Amino acid sequence: MTKLIAAAAALLVCAHAARAAGDGSISGKVSAIPEKYLKDSVVYLKQVPGTWAPKTHTIDQKGMEFRPHILTVTVGDSVKFLNNDGVDHNVYTPDGEAYNLGLFAKGQSRDHQFAKPGVYTQLCSVHPEMLSYVFVGQNPYAAAVGKDGSYRIENVPPGTYQLAVWNPKLKTPDVSVTVAPGKAAPAEFALAK
Ligand SMILES: [Cu+2]
């Protein structure tokens, strides 16, 4: 029995290593009209079978803004909100299960675990100009676009997927993308109203 379990465990380790080595990626560019909305875009895979160990991410509040502007996480992950400004900040969202983490000062932090996929606008009740997004995906395969519209989703297991773009103002059709082992699959998007 012990031997069997050891053999099964060894097989699992091999299968995992082989899969990681054979993973591919998806990359390309997103354009937007009007271009001012481009910075609020996330490219993501819609449904990927599997489960992923929960992670903890960080959003800082520094210089009177949330950093990063967009954070992509997987459902079940947590976010630690920091405050590195000399003033109190508040963190709340009206989206999903709607939370309010209260007011907290420099050096303090608040945590929230995301139980449902969706996009959660992050706001501060003290500073109405503060805005960021937490994109909570069904899977970890998502990337916020760069300033020039480029994006790259790494470590994608080979397969065919529906690739989509989230943007709060603009739309673009989903595309089908096939990822081959060790290769970069290209995909371009044009966002519009
Ligand atoms: Cu604030």
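## Close-up views of a predicted model

**View 1. Val134 and its contacts.** Beyond its neighbours within four places in sequence, Val134 is in contact with Leu71, Val73, Val79, Phe114, Tyr120 and Gln122. Two residues are in contact if their C-beta atoms, placed from the backbone, lie within 7 Å. Residues are numbered from 1 along each chain as its sequence is written. This is a predicted model: local features need pLDDT of at least 70, side-chain atom pairs count only at pLDDT 80 or more, and totals for chains, interfaces and linings use all residues.

**View 2. The largest nonpolar core.** This core has 36 residues. Among those with the most contacts inside it are Val134, Phe135 and Ile153. Domain 1 (1–49 + 145–193) and domain 2 (51–138) both contribute residues, so the core lies between them. The domain bounds come from an automatic or database domain assignment. A nonpolar core is a set of buried Ala, Val, Leu, Ile, Met, Phe, Trp, Tyr and Cys residues joined through C-beta atoms within 7 Å. Buried means that 20 or more other C-beta atoms lie within 10 Å of the residue's own; exposed means 12 or fewer, and partly exposed is in between.

**View 3. Lys80 in strand β6.** Lys80 sits in β6 (residues 78–82). Strands are DSSP runs (E, at least two residues), numbered from the N terminus. Lys80 is partly exposed, because 13 other C-beta atoms lie within 10 Å. Leaving out residues up to four places away in sequence, Lys80 touches Thr56, Thr58, Ser109 and Asp111. His112 is 32 residues from Lys80 in sequence, but their C-alpha atoms are 6.7 Å apart.

**View 4. Strand β3 and its partners.** β3 (residues 56–62) pairs with β6 in the parallel sense over four bridges. Thr58 has Lys80 as its bridge partner in β6. Two strands pair if DSSP finds at least two bridges between them. β3 also pairs with β4 (residues 65–67), in the antiparallel sense over three bridges. Here Gln61 has Phe66 as its bridge partner. Two residues lie between the strands of this hairpin, and Gly63 takes a positive phi near 65°.

**View 5. An open sheet of four strands.** The order is β12-β2-β14-β15, with antiparallel pairing. β12 (142–144) and β15 (175–179) stand at the edges with a single partner strand each, so one side of each has no neighbour in the sheet. β14 (residues 159–166) pairs with β15 over five bridges. Gly159 stands opposite Val179 in β15.
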